[in-house]
Amino acid sequence: MILNSEKIQKKIKRMALEIAERNYSEKEILLIGIAHTGMLLATKVLAELQEVFPGECSLIELTMDKKNPVSIQLSEDQNLGGKVIVLIDDVANSGRTMLYALKPLLKDFPAKIETLALVERAHKQFPIEVNYVGIKVSTTKDEHITVLTAVNEITGAEISENK
């Protein structure tokens with residue numbers, strides 16, 4: 001186990017503070033959670049961000065097949081032009097998911113796109129920099145990181161061997 005629920009909550013709070021600090025002059029921040037655990041993490045970040053950011057904060061979900069990212073959908077159809085966006089996923093492994101998730105976000109020319117991951121691995125195959133990181137870990141390529149959840153809560157993160 002690399003993170004327990006108490007440490008995760010502290011990291012979420014810290015990342016929300018960092019988002020607020022780096023974007024203090026902005027009027028609005030749009031969080032986009034990548035479906036499932038990324039969306040759950042985005043919901044937790046939103047709750048903390050609303051406590052410290054004076055502007056408007058909103059959240060939508062991005063859905064995609066991570067193994068075959070041809071079709072990517074946002075839960076709401078809205079103009080992203082000029083907005084500050086924070087793209088959120090639970091684990092940044094190769095950078096592939098976040099890279100493909102950027103595609104529909106670029107069409108409206110947002111003001112800025114930043115990325116957030118609870119856990120970042122040191123095995124990037126795609127040129128993605130994670131702006132807000134809960135914890136960065138070095139693993140072998142044979143190891144897998146899993147973020148554990150239970151009924152709308154993030155309970156931990158662990159490293160296991162790929163099978």
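Which strands does helix H2 (residues 37-52) lie across? Point 4 gives the reply. The notes below go through the sheets, helices, pocket and loops in turn.

1. **Ground rules.** This is a predicted model, in which local features need pLDDT of at least 70, side-chain atom pairs count only at pLDDT 80 or more, and totals for chains, interfaces and linings use all residues. Residues are numbered from 1 along each chain as its sequence is written, and side-chain values use heavy atoms, with hydrogens and water left out.

2. **The six-stranded sheet.** Start here. Helices (H or I, at least four residues) and strands (E, at least two) are DSSP runs, numbered from the N terminus. Two strands pair if DSSP finds at least two bridges between them. An open sheet is built from 6 strands, in the order E4-E3-E2-E5-E6-E7, with mixed pairing. Strand E4 (72-74) and strand E7 (132-137) are the edges; each has a single partner strand, so one side of each is left without a neighbour in the sheet. From one strand to the next, the twist averages 25°. Angles run from 0 to 180 degrees between N-to-C directions, and axes are lines fitted to C-alpha atoms, for helices over the stretch in contact. As background, strands of a sheet pair through backbone hydrogen bonds, either parallel or antiparallel.

3. Look at strand E3 (residues 56-64). E3 and E4 run antiparallel and are joined by 3 bridges. Met64 stands opposite Ile72 in E4.

4. **Helices on the sheet.** Contact means heavy atoms within 4.5 Å. Helix H1 (residues 5-22) packs on the sheet and touches strand E2 (28-34), strand E5 (84-92), strand E6 (112-121) and E7. The direction of H1 makes about 135° with that of E7. Now the opening question: H2 lies across E2, E3, E5 and E6. H2 runs at about 155° to E2.

5. **The three-stranded sheet.** A further open sheet has 3 strands in the order E1-E9-E8, and the pairing is antiparallel. Its edge strands are strand E1 (3-4) and E8, each of which pairs on one side only. E1 pairs with E9 over 2 bridges. There, Leu3 stands opposite Ala157 in E9, and Asn4 stands opposite Gly156 in E9. E8 and E9 are joined by 8 bridges. In that pair, His144 faces Ser160 in E9. H2 turns up here too: it lies across E8 and E9, at about 135° to E9.

6. **The largest pocket.** A 1 Å grid over the protein atoms alone is used; a pocket is an open set of points where a 1.4 Å probe fits, with protein on both sides within 12 Å along at least five of seven lines, and lining residues have an atom within 4 Å of a point. Grid points are joined across faces, edges and corners, and a volume is the space filled by probe spheres set on the points. The largest pocket has a volume of about 470 Å³. Its lining has 17 residues, and Lys66, Lys67, Asn93, Thr97 and His144 lie nearest its centre. E5, helix H3 (96-106) and strand E8 (143-150) each give two or more residues to the lining. By type, the lining has 6 nonpolar, 6 polar and 5 charged residues. Here Ala, Val, Leu, Ile, Met, Phe, Trp, Tyr, Cys and Pro count as nonpolar, Asp, Glu, Lys and Arg as charged, and the others, Gly among them, as polar.

7. **Thr97.** Thr97 sits in helix H3. Buried means under 20% relative accessible area, exposed over 50%, partly exposed in between (1.4 Å probe, protein chains only). Thr97 is buried, at 16% relative accessibility. Not counting residues up to four places away in sequence, Thr97 touches Ile34, Met64, Lys66 and Asp89.

8. **Positive phi in the loops.** His36 has a positive phi of about 80° although it is not a glycine. His36 lies in the loop between E2 and H2 and is exposed at 68% relative accessibility. Asn152 is not a glycine either, yet has a positive phi of about 60°. Asn152 is in the loop between E8 and strand E9 (153-161), and is exposed at 58%. The hairpin of E8 and E9 has 2 residues between the strands, and in it Val151 takes a positive phi near 40°. Val151 is exposed at 77% relative accessibility.
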